[in-house]
Structure formats: C-alpha cells, structure tokens
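Let's take a walk through this protein together, with the sequence and the 3D view side by side. Have both open as you read.

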Amino acid sequence: MIKVNYIIRKKERKDCADVAHVVTVAWNETYRGIVPDEFLANLYTNEEERAKNSYNNFNEKENHQYILEVDDKVVGFVNVGSSDETDYENCGEIHAVYIINGYKGHGYSKKLIDAGIQELKSMNFDKMVIGCLDGNPSNEFYKHLGGKFVKARIFEKLQLPENVYYFEKI
C-alpha cells in the first residue's frame with residue numbers, strides 16, 4: 001500500500017492561488033451539467049484574478065478556511081463562517097467544501113468538515129447548515145453525515161436551487 005502524507009491546516013496568504021485553482025478544477029469536475037458551461041469556462045479565465053483578489057484581501061483575523069494538502073499539494077479546502085439563515089439561533093455555515101476528484105473517496109471531505117466544525121465551535125456556534133446545489137452528488141454525503149434536509153433556497157450567485165442541511169448539534 002502506498003503511504004500518502006496529508007495535512008489539514010489553516011489557510012495562509014501563500015495558498016490563495018492554490019485555493020483558486022482548486023475552485024476552478026473542482027467546480028468543473030462536479031458541476032458540469034448543473035452549472036452553465038460558460039460560468040465553468042470563465043473560472044479558468046478569471047482564476048488568476050480571483051487568486052490575486054484573495055491574496056490582496058487576505059485577512060488573518062477573518063480567515064476561517066482550512067486547506068487539505070496531500071503530498072505537499074493543495075487539493076481541497078473548507079470555508080466556514082456565520083450563516084444568513086435566520087431560522088436557527090447561533091448557527092454557523094460550512095460555505096464550501098471542495099476536493100479535486102482524484103483525491104475523493106479517502107475520507108478527506110469528512111476530515112475537512114471536522115476541521116470546519118472545530119472552527120465554527122471556536123467562533124461560538126453550536127449548530128450549522130450546509131447548502132448544496134441540487135444535482136450535486138454531495139447531497140447524499142451531507143445526509144449520511146447526519147444533516148437534516150430543511151429547505152431549498154436559491155444560490156444567489158447563479159440563481160440555481162440549493163438544498164440546505166441542518167446539523168442541530170456540532
């Protein structure tokens with residue numbers, strides 16, 4: 001068996017370009033047929049600009065993102081923070097969990113979510129929600145983790161339906 005070295009650590013400013021690349025690749029792998037092709041193609045076109053904006057606006061105090069490195073390569077991340085959901089008191093949100101396809105199926109998503117939960121707890125949240133675009137296979141994963149489907153909402157950026165899963169205790 002091949003030994004794989006991985007770490008999950010807090011995002012640093014130097015990771016901005018790698019995280020932008022993970023977004024580009026993961027969205028193109030996961031959302032083809034769900035998200036308009038033009039939007040997915042534009043992720044490649046504007047990746048450098050997104051990385052530069054992230055780098056220039058990086059704020060250590062407001063950084064609630066953890067990255068996954070496998071064999072010294074950034075291949076995934078989780079981003080957490082407060083939620084706009086007003087139905088639940090003291091509720092944080094996992095805003096994004098992305099892993100490049102070749103690294104899925106090894107338990108990394110669960111490990112990233114666990115890191116996100118620890119960050120939410122450190123921010124004094126005791127509940128959380130996760131939104132997942134309708135049609136994304138990860139919907140089943142969030143149910144498997146114990147998320148309770150509570151409603152559908154619109155993912156504003158693309159005006160697409162998104163399922164919301166609620167975790168009563170984190």
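A salt bridge here is a side-chain nitrogen of Lys or Arg within 4 Å of a carboxyl oxygen of Asp or Glu. Because lysine 143 and glutamate 140 are 3 residues apart in helix α5, about one helical turn separates them. Helices (H or I, at least four residues) and strands (E, at least two) are DSSP runs, numbered from the N terminus. Lysine 143 is partly exposed, at a relative accessible area of 40%, while glutamate 140 counts as exposed at 52%. The scale used is relative accessible area: buried is under 20%, exposed is over 50%, and partly exposed is in between (1.4 Å probe, protein chains only).

Before going further, please note that this is a predicted model, in which local features need pLDDT of at least 70 and side-chain atom pairs count only at pLDDT 80 or more, while totals for chains, interfaces and linings use all residues. Residues are numbered from 1 along each chain as its sequence is written, and side-chain values use heavy atoms, with hydrogens and water left out.

How many salt bridges are there by this rule? The count comes to 14. Glutamate 85 pairs with lysine 151, their closest N and O atoms being 2.7 Å apart. This pair links distant parts of the chain, since glutamate 85 is in the loop between β3 and β4 and lysine 151 is in strand β6 (residues 148-155), 66 residues apart. Glutamate 85 is buried at 9%, whereas lysine 151 is partly exposed at 28%. Another salt bridge joins glutamate 12 and arginine 9 (3.5 Å, N to O). Of these two, glutamate 12 is partly exposed at 34% and arginine 9 is buried at 15%.

Now look at lysine 11, in the loop between β1 (6-10) and α1 (16-30). Is lysine 11 buried or exposed? Lysine 11 is buried yet has no salt bridge, as the nearest side chain of opposite charge, aspartate 15, is 7.4 Å away. For charge, Lys and Arg count as positive and Asp and Glu as negative, with His and the chain ends not counted. Contact means heavy atoms within 4.5 Å. Leaving aside neighbours within four places in sequence, the contacts of lysine 11 include Cys16, Ser54, Glu60 and Gln65.

That brings us to glutamine 65 in strand β2, which counts as buried at 10% relative accessibility. Beyond its neighbours within four places in sequence, glutamine 65 is in contact with residues including Arg9, Lys11, Val19 and Phe77.

Helix α4 (residues 108-122) comes next. At 1.5 Å a residue its 15 residues should span 21 Å, and the end C-alpha atoms are 21 Å apart, which agrees. The expected span is 1.5 Å times one less than the number of residues. Among the buried residues of α4 are Tyr108, Leu112, Ile113 and Glu119. The buried residues of this helix pack against β1, β2 (65-70), β3 (73-82), β4 (91-99), β5 (127-133) and α5 (138-144). Just after α4, asparagine 124 takes a positive phi of about 75°.

Our last stop is isoleucine 34, in the loop between α1 and α2 (37-45). Isoleucine 34 counts as partly exposed, at 23% relative accessibility.
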